[in-house]
Amino acid sequence: MNDVYEQLKYLLRPSSVAVIGASREPHKIGHQVLKNLLKGGFPKNRIYPINPHAEYILGLKCYPSVKDVPYPVDMAVIVVPARIVPKVLQECVEKGVKAVTVISSGFKEIGRVEEERKLVEIARKGDMRLLGPNVVGVCDTIKSMNASFCQDLPYRGDIAFITQSGALGIALVGWTKLKRIGLSDLVSIGNKADIDEVDLIEFFGEDPYTKVITLYLEGITRGREFLQIARKVSKKKPIIMLKAGKAERTVAAIKSHTGSLAGSDIAYEAVFKQAGVIRAPTFPDLFDWAIAFSSLPLPEGDNVIILTNGGGAGVMATDEAELRGLKLMDIPEDLAEKLKEFMPPFGSVFNPIDLTGMATKEWYRGSLEVLLADPRVHSVVVIYCHTAQTEPREIGDAILEAVKSTGREKPVIASFIGGEECYEECERLTAEGIPCYESPERAIVALSMLYKYRDFTRRKETVPPIFAVNIEKAQRVLKVAKEEGRKILTPYESAAIVKAYGIPVPEQGLAKNEEEAVKIAERIGYPLVLSIESPDILHKTEVGGVKVGIENAEEVVKAFREIINNVSEKAPHADIRGIVVRKMAPPSREVIIGMHRDPIFGPMLMFGSGGILVELIKDVSFRAVPLTVEDAYEMIKETKAYSLLKGFRGMPEADIDKIVEIMLRIARLANDFPEIADIDLNPVFVYEKGKGCLAADIKIVLQ
Ligand code: COA
């Protein structure tokens, strides 16, 4: 068990709880928290109300201060006005309390940042973890502890729910009860001054009572730690997230292509993918999926069967399965023969298997048993449309009997469509471990989440190789720009930096005069591009600062003169450092590789279709650093550019491995130099497989 688990077990699974600010007045929150603890079933002799003005509250002996409690206190719930919180917190430290939950509002959420910082300082000095402030509290069904002002303890279950919104947390307790959903814990994290979602994910990852971790969040603060911890925990337990607030795009003063295509929600989306976090759009979805994860094993293979008594419902399920990328199994001859025993001659043994409206309990049970016993079948969705032929309860029994007799080794999900009886049967089946939904689509979507998560758990995570890079060279170039107070590096400088990191760029040299230009040209060969090198000129073509297609020494001299003349005329005050003589890269398929530093998650890599239309086409994908080799390949596969690179209409396959290497090298560059805000390599020409790439144009922007 790790440190965080050891610390937070006092918050979430304490043996004794003090309520500081336990009020005598029934309408006050401090009174309600005390009452809830008693009502929830927490051992009475381990609850200590603290109130200097009372002797007994709700039959429990009161203490003037937590320091006066003659027994150890694992956790204290603080429910006194904000101004008294530091004082009672200090008393908790002196008492040796291990964790506190500060329900009191009146801190950062109203601008009292310094007061909140002070709370953390007191807690940290005292080796005490702090939840809140500004929270509803904690509900733990394992220890029957309702240390909150939620009216009831949720039903016991194995889904942990972490919420940034207190009010939503309270409301959802009622809703989960209505839907008969059990939780292991409900934790409201409020201002997250100390304990945040990252700590809690780490705790629940280790917690033997929790199978699924669900969250409602408006924002993440420790982005890189989130990625690291969630990625690790996801391999063991599913994490389902409802992330609200599609925040504004980051507005950079100087925009690169990558910077303008990046945005806060895009970064969240990318990090969730990398960390295996499943993003749910709504609460019903979140709990639909959480129930499926909590009750079912993951499918071992891809073959999905839909078993139905209604053709229409089967078609709807098939459409959704197609959309979600599920593989409906083709039924082999021998299996079809067995299934025919359980349907009329006009039934269908194609998948979806249609037992028809005549389906009886025996048919459902028999066919489901045959399917579950067949090793070629990996998961089954059973759909029932209510008919006069049977009662939903009978079909529910048929499913349960078939599942029990075959050992519950494969996921079986149900959908019952009809009136009240169907609704009740759905609830019963769900409670019995067969998640049942009111529509076939919801059943299919839940199954698709099991597959999505299974794929994540099977994914390899290859750490990139340690590339040999020339850090000193990159440092030298950056130093010049920084000393001159420049934020945008020239293309020549940018190329020098990425080249130092092993990224192939066209050969080039900086010429101070015509003779030097010719010398460089003769060395690197033709055709060439000549362009002005000046930190003051951003748009070179507009001032006549670029000449392309130079084929010989004579043309080099001519182009050199023309550029100098044009620039002297159109940008007379520009600081001219020379002329860059660069080999023209042979054109090929164009991609963009970029990096944008996100304020929450740090460096985000971008890949996509390149060229001048990148922002219009927006065929891009993002991932955060650290980037695994698999992340990089997945980024490429997510874009339309991938089809082009694989070989569209007879084109040979392009050098995708080299693109991956460039992406990994850019990730390394971004890690080594936090002062780099944005990088664009656009276009990168990608040649045939084995023939590499060339980053033809490079832009680096500093923070
Ligand atoms: N130690 C312990 N108890 C103390 C105390 C001390 N040092 N000093 C005072 N108290 C007692 C008070 O006497 C009172 O008990 P009483 O009613 O029996 O006299 C009790 O603590 C509560 O103090 P009070 O001043 O009455 O505060 P309150 O109950 O009106 O409000 C909060 C306290 C914390 C509920 C309120 O300040 C608050 O923050 N409310 C918002 C909570 C919230 O919404 N959280 C986030 C949800 S998302």
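What is the handedness of the crossing of α13 and α14? In this predicted model, α13 and α14 cross in a right-handed manner, and a right-handed crossing is likewise found where α19 passes α20.

**Helices α13 and α14**

- Helix α13, which spans residues 361-373, and helix α14, which spans residues 392-406, have axes that come within 8 Å and cross at roughly 25 degrees.
- Because angles under 35 degrees count as roughly parallel, this crossing makes α13 roughly parallel to α14.
- On the α13 side the contact is made by Lys361, Tyr364, Arg365, Leu368, Glu369, Leu372 and Ala373, while α14 contributes Glu394, Ile395, Asp397, Ala398, Ile399, Glu401, Ala402, Val403, Ser405 and Thr406.
- By residue class, the contact of α13 with α14 comprises 9 nonpolar, 2 polar and 6 charged residues.

**Helices α19 and α20**

- Helix α19, covering residues 514-524, packs with helix α20, covering residues 553-570, at an angle of about 140 degrees, and their axes lie 9 Å apart.
- That angle makes α19 oblique to α20, since only angles over 145 degrees count as roughly antiparallel.
- The contact is formed by Glu514, Ala517, Val518, Ala521 and Glu522 of α19 together with Ala553, Val556, Val557, Phe560 and Arg561 of α20.
- The residues in the contact of α19 with α20 divide into 7 nonpolar and 3 charged, with no polar residue among them.

Technical notes. Residues numbered from 1 in each chain as written. Predicted model: local features only at pLDDT ≥ 70, side-chain atom pairs only at ≥ 80, totals over all residues. Heavy atoms only, no water. Axes fitted to C-alpha atoms, helices over the stretch in contact; angles between N-to-C directions. Helix = DSSP H or I, 4+ residues; strand = E, 2+ residues; numbered from the N terminus. Parallel < 35°, antiparallel > 145°, perpendicular 65-115°, else oblique. Left-handed = near helix turned anticlockwise from the far one by under 90°. Contact = heavy atoms within 4.5 Å. Nonpolar A, V, L, I, M, F, W, Y, C, P; charged D, E, K, R; others polar.
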